[in-house]
Amino acid sequence: MTSSLLKIFLLSLITQINVSCYDGWDDRDGSSAATPNIPTDPEATKPLYIVVFEPINLSNSAAADSSCFGATGTSQFRITEWSTRIAAATEALKMVADNVTVVPRAITTSDCTTLTAVETAAAASDPGSVRSYPDDPLDRPIVHLKAVFWDTDVGGTFTLVVETPHWAAWRTLRGRGRPAVSLHYFSVSNPTTGHFAHWKASTDSKIVKTATAINTVDPTDAGTRARTATASSDALTLANWAVQTAQEVRP
Amino acid sequence: MNWLRIQKPPTAGLVALIPSISRWAAQAAAIVAVVGFGSAMVQSCRKAGLVQVPSHLDIIGAYRVADENVDYLFFELTEIPEVLENSKWFYAFDDGSGTFNSAQATWKFLDLSTGVHQHKMVECSRGVHCGSFSWPSDKNVQRVALRMLYHPDGTAEHVTSATIRDFGTNLSAMVFGVYDSSNTRIQIRVDDNFGIPSKVDIRRYGMTRKFQVRAPESTSVTNTVMAALKTSRRNNYLFPADFCTASLSSANAQTFDGKSSWLTGDFPTTDGTNGACANVDFLDRNGLVLAKHTVFARRNPKFKTGSYKYDTPLTAATKIPVILAYCSDAIGADTARDETFYEYQRKMLGFGESPEDLCFRVGGDASFRSSLSGLLTSKLATAKAASSGATDFMFTVVLHQNLSTEFRNFHQILAEELAVISTSEAALISPRLVGSFVYDSQFDFRPTSVQEKFMIWCPSIRPQDPSSSLSSPVDANCIVTEPVKIGGALLNFVTPMGPFPTLNSYRNYVDKYTDRGLVKKPDLSFASVVKNGSTFTETEKKHQVTYFDNEHLIVTANERVHVCWGAANSSLLNSLRLRSSTQDATTDGINIVTAESLWGIGQGAADYRIGVAWELPFIGKVTYKSPVTLNVVSLIPVGRDFAGYQLLGDPKWLADSIDFGSLLQVCTNYCDHPWFDDAGVYQVGGNYSDNNFFSCVSPQYPSVGSEALDGY
């Protein structure tokens, strides 16, 4: 239901953008950058060939309040928020890419202070099995979207493996001449110093996007409605940004 | 009806009258009448040369009654009275060989005072004159003619004739006896049997007959004999009552004119008889006997007058307050609590501004469950320790929160814990916990069907009732009476909200009316179905049944019990259960409909225990004073579906006892006799028990000394 509504919402917004049908990547600058060529026709060729979407978030609220966040109820609220955001982003990305693969990077309660799962992900050999895709005759960008969903921040810093713009598999891909682009997305509610702040600071700002933060927990019906609206809006923004940025930074 | 038929105008009519009127100028009244009646017609007459006169003469009936050797004639004349002042009436007979001719017939002057019976002309309706006449029969006469001359000197006339219908062995009147309310006084009644005019109309034709009743005496006649007579005589009056002994005795003789007469003296029931015989003589106007017959009076069905008052199994229950709210220090508390509404909730349940017993927070499900279980156990134990009687207990819970549905685990936890502790208490005898009432902040949680056996969650969506005018489920807040009705037309908080509104309804009200909806002296009380050592319970598909302690309904073999479904409060009967003393312990009691069927066929004689079926073992009542000081009372029903509202959801169950006397009618004697119905009509052809299988009557008996009404 939510997915269908989101599609309708996205379509309604997208159709308001003054675009022409995609005929290859529009390399012009200026106004074209602000209005990327997102096809209005679902059957038309999409601007991105592949998106591998790696959401990084807490997956289980059991005991998370005390060990990961501190305030009781935070994990229950955030996990619902993040699942909403991830679902909305996935739907939005499918509007701009032929192939969207979601590779969850679940952080467990025992891992929420060290985030070793992220270190592991950075070294993964072929997330989303991108290597199995044939070359794109249109030579469209292949996007690797790392997305962090968290409340506040986690103390410490990542190793260089994580903070390297292109994780292991993507370096390999780029080495083979594929137009692989790594992008970063941060949806952190109450950002402080720590792993994510350091990671974000060490990354080229061109390939970093920040979500609209929901800092205050509102567990009422009104809060739920506001949260859903924010997730939908951010998802559309993210998809547009991914199309635009992939073109700008493609190798 | 034949008197309405258009008859060929007489040879004269008004045209013939006009010259006569000119001669009778002194008869101004007649002129005025004629002018008034037909001035317009006279004008038109001058142009057309023809006058259509609406007057006509009809013979309604002419009968020969061999039993009395008397012929009867009934007739009607339609004419304005003013032109009849000098009219003369004649009649004539023939042998049936031809039609009458006014010139040829041998007319005899019709002197009403010479009839066999008393006769007179009656203006039976405006412009219609009804009359009758009777004469000794002459078997050679087959037809009778009637002639009316407007004036002895004139020629204007009406002439009509009819064949005399021979009654054969039929009688001109049905005579029967009825009893008064005490079943000791007898009234002899006469129903004329001409057919046309009917027994109701015949008084309009001015005939009065004389009867004599002699030698009445109480007697008993079996149903078999009465049934046989009905068949042989082909009437329900049991007339003539051939099974009565004809007598020449003149003992206790009394003569009467007209339709009825009360016999002097009592005919007590102590002798065990079911009726009384008497001799009845049909007399002429001079008292000479025309015919002799016997008549029978049947006693009225006798009803038990005792009380059917039973103590209800409901007694006041003790409330155990439980206040639960979203923690004020929890995340999102500033939006997930509404202090104004929280105050309202507590006040409506009578808790004042007491702090919460337990708070809950998002993410705190496990600790909430644990704490809640302990809280409920502790509160119940404390209440029991403080109780000295056998009153039951009700958890009365305020649940304050404003959470989105995704955080509503607390509702399920609360429902589960209340059900757990209620289940463990259900098997106990009183004092025990009988259930819970939860006043939540929103309407969209509903306990499971199993949990609903122990609690009312309010407000909540309930199944749509097509007959309800509730505008939306949000407005449904657990009471029997719709808010708009309990608040009347006055503008106060009750009208839009009811006593248990949702948070949103409350906020809307505050925004609209700018007050906080606080009322004076709110009181929420409960009564429960007390269970003691002698209480017998059984489980139906949907209900529990508790039999009243030592309350019985005893139906003997001769008694016929009728259920008064049309009576006020008859819906209470839906909750009744009856359990025969001889019934197998493994079978359930029967409901009133089943019992009624057994009673109706005479197979329901038993000693019944009285029970009540319920969905929830308690009932609630909320009273308070509105801002305009009107007292408001409504009930919290024990059933969640609409049908359930018809069960214990009636304030009368809150009384200490209920008298079912107005809902059950027990006939003890003469149950298959005719009866006086609610309108006082004697149902002479009926059998009380068979004809009132699913209803009761409120017999309207004739008063001693009063005359029987026409047709009654």
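Guide: Two strands count as paired if DSSP finds at least two bridges between them. Keep that cut-off in mind, and keep in mind that this model is predicted.

Start with β19 of chain B. It is joined to strand β36 (residues 664-669) of chain B by 2 bridges, so the pair meets the cut-off of at least two. The two strands run antiparallel. One bridge can be named: B:K302 has B:N669 of β36(B) as its partner.

Now widen the view. The sheet is open and has 3 strands, in the order β19-β36-β29 (chain B). Its pairing is antiparallel. At the edges lie β19 (302-303) and β29 (560-563) of chain B, each pairing on one side only. In general, strands of a sheet pair through backbone hydrogen bonds, either parallel or antiparallel.

Next, a loop. B:D284 sits between β17 (275-283) and β18 (289-298) of chain B. Buried would take 20 or more, and exposed 12 or fewer. Setting aside neighbours within four places in sequence, B:D284 contacts B:V116, B:H117 and B:L290. B:E68 is 216 residues away along the chain, yet its C-alpha atom is 9.5 Å from that of B:D284.

Now the helices of chain B. Helix α6 (residues 365-386) and helix α7 (residues 409-426) have axes that come within 10 Å and cross at roughly 35 degrees. The crossing of α6(B) with α7(B) is right-handed. On the α6(B) side, the contact residues include B:F368, B:L372 and B:L376. On the α7(B) side, they include B:F410, B:I413 and B:L414. By class, the contact has 8 nonpolar, 3 polar and 3 charged residues.

Helix α10 (residues 503-513) of chain B has two sides to compare. Its buried residues are B:L503, B:S505 and B:Y506. Down the axis of α10(B), they fall within an arc of 160 degrees, so they line one face of the helix. B:D511 and B:K512, on the other side of α10(B), are exposed.

Last, the partner chain. The contact draws 16 residues from chain A and 14 residues from chain B. On the chain A side, α4 (74-94) and α9 (221-249) each supply at least two residues. The largest share, 5 residues, comes from α4(A). That side of chain A has 4 nonpolar, 9 polar and 3 charged residues.

Key
Residues are numbered from 1 along each chain as its sequence is written. Chains are lettered from A and ligands numbered from 1 in the order in which they are written. This is a predicted model: local features need pLDDT of at least 70, side-chain atom pairs count only at pLDDT 80 or more; totals for chains, interfaces and linings use all residues. Axes are lines fitted to C-alpha atoms, for helices over the stretch in contact, and angles run from 0 to 180 degrees between N-to-C directions. Helices (H or I, at least four residues) and strands (E, at least two) are DSSP runs, numbered from the N terminus. A crossing is left-handed if the near helix is turned anticlockwise from the far one by less than a right angle, and right-handed if clockwise. Two residues are in contact if their C-beta atoms, placed from the backbone, lie within 7 Å. Ala, Val, Leu, Ile, Met, Phe, Trp, Tyr, Cys and Pro count as nonpolar, Asp, Glu, Lys and Arg as charged, and the others, Gly among them, as polar. A residue is buried if 20 or more other C-beta atoms lie within 10 Å of its own, exposed if 12 or fewer, and partly exposed in between; C-beta atoms are placed from the backbone. The arc is that of the directions from the helix axis to the C-beta atoms.
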